[in-house]
Amino acid sequence: MDMALLKAVSRSFYLSMVWLPPAMRSGIALGYMLARATDSVADASRAPAECRVDVLRRMGLAIAGELSSEEREGLLRQLRQEMADLQQKPAEAVLLRRFDECLSMLEQAAPAERVLIRRVLSTIVEGQLWDLTYFAVNAAVSTDADTHRYTYMVAGCVGEFWTELGLATMGAAFCLPERREVMVQAGIRYGRGLQLVNILRDVAEDADRGRSYLHGEPEVWQGRAARYLNDGLDYALRLGSFRLRFTAMLPALLGIKTLRLIAQRAGNERVKISRLSVYASLLHAAWLSVWRRAS
């Protein structure tokens, strides 16, 4: 995995990922890069929605290993020659031009890791396709269940994947095996909380694009996001090493700070955590990670 490319695509993810134990690092990084590639296509607003839906479906099939050689080459050619040129961020354009490398690394991954990566990417792509097709005919979700389902498909499933991959690669060194189901559910809530922070931060921008992911008042979802992030902190404290606790804890601390800024903002101004606040969160995560919750 090209770490420079990973850092360019997501500084915050890179900051936490480099602390992962080596046993998990390649699987997490590869899963992230594949998801970021599909997300880059989903967000390529200069391309017609029908085109993005078609490309996303084929990317999902390529990740699942279900495209013929000819179909795969056609997809890679379209990503390199068409979709990459529509990206606003140069790093994401490079990522799409190198999507074939990500597929090759997936095929070379250990069988257990490959199964888990393919499973989580299948769910993520399903969520991205739902996003593109649902809001083509609707301006807002109609129930709480829609919001919960969407946040699971694009982020909650990642917490599940993180837990299953940790147990598959590290066993009891990741967490107590008898707590597998409890940790999976906590990981799902944690992922949902992080996605809710993104949604709450971008409410005005999403409204301008003719979509609302929240059913009901944003303040209600702020409370839910805070509870889910606290579940994330508890999840992190139950992991089996300093590196794991630190890596898992940092996004929750940054998310909690972002929620506070959202609650304090005036109007629809976009909130952003300062570099100093990021460094403070790094120190806070390190201090908390020294301790382990035993049960």
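Guide: A crossing is left-handed if the near helix is turned anticlockwise from the far one by less than a right angle, and right-handed if clockwise. This is a predicted model, in which local features need pLDDT of at least 70 and side-chain atom pairs count only at pLDDT 80 or more, while totals for chains, interfaces and linings use all residues. Residues are numbered from 1 along each chain as its sequence is written, and side-chain values use heavy atoms, with hydrogens and water left out.

Visitor: Which handedness, left or right, has the crossing of helix 3 and helix 7?

Guide: Helices (H or I, at least four residues) are DSSP runs, numbered from the N terminus. Helix 3 packs against helix 7 (residues 99–108) at about 145 degrees, the axes lying 10 Å apart; axes are lines fitted to C-alpha atoms over the stretch in contact, and angles run from 0 to 180 degrees between N-to-C directions. The crossing of these two helices is left-handed.

Visitor: How many residues in the contact of helix 3 with helix 7 are nonpolar?

Guide: Contact means heavy atoms within 4.5 Å. L30, M33, L34 and A37 of helix 3 meet F99, C102, L103, M105 and L106 of helix 7. Ala, Val, Leu, Ile, Met, Phe, Trp, Tyr, Cys and Pro count as nonpolar, Asp, Glu, Lys and Arg as charged, and the others, Gly among them, as polar. In this contact no residue is polar, none is charged, and the nonpolar ones number nine.

Visitor: How are helix 12 and helix 13 oriented to each other?

Guide: The axes of helix 12 (residues 218–237) and helix 13 (residues 242–264) come within 8 Å and cross at roughly 160 degrees. Angles under 35 degrees count as roughly parallel, over 145 as roughly antiparallel, 65 to 115 as roughly perpendicular and the rest as oblique. Helix 12 and helix 13 are therefore roughly antiparallel.

Visitor: How are helix 3 and helix 6 oriented to each other?

Guide: The axes of helix 3 (residues 22–42) and helix 6 (residues 90–97) come within 10 Å and cross at roughly 110 degrees. Helix 3 and helix 6 are therefore roughly perpendicular.
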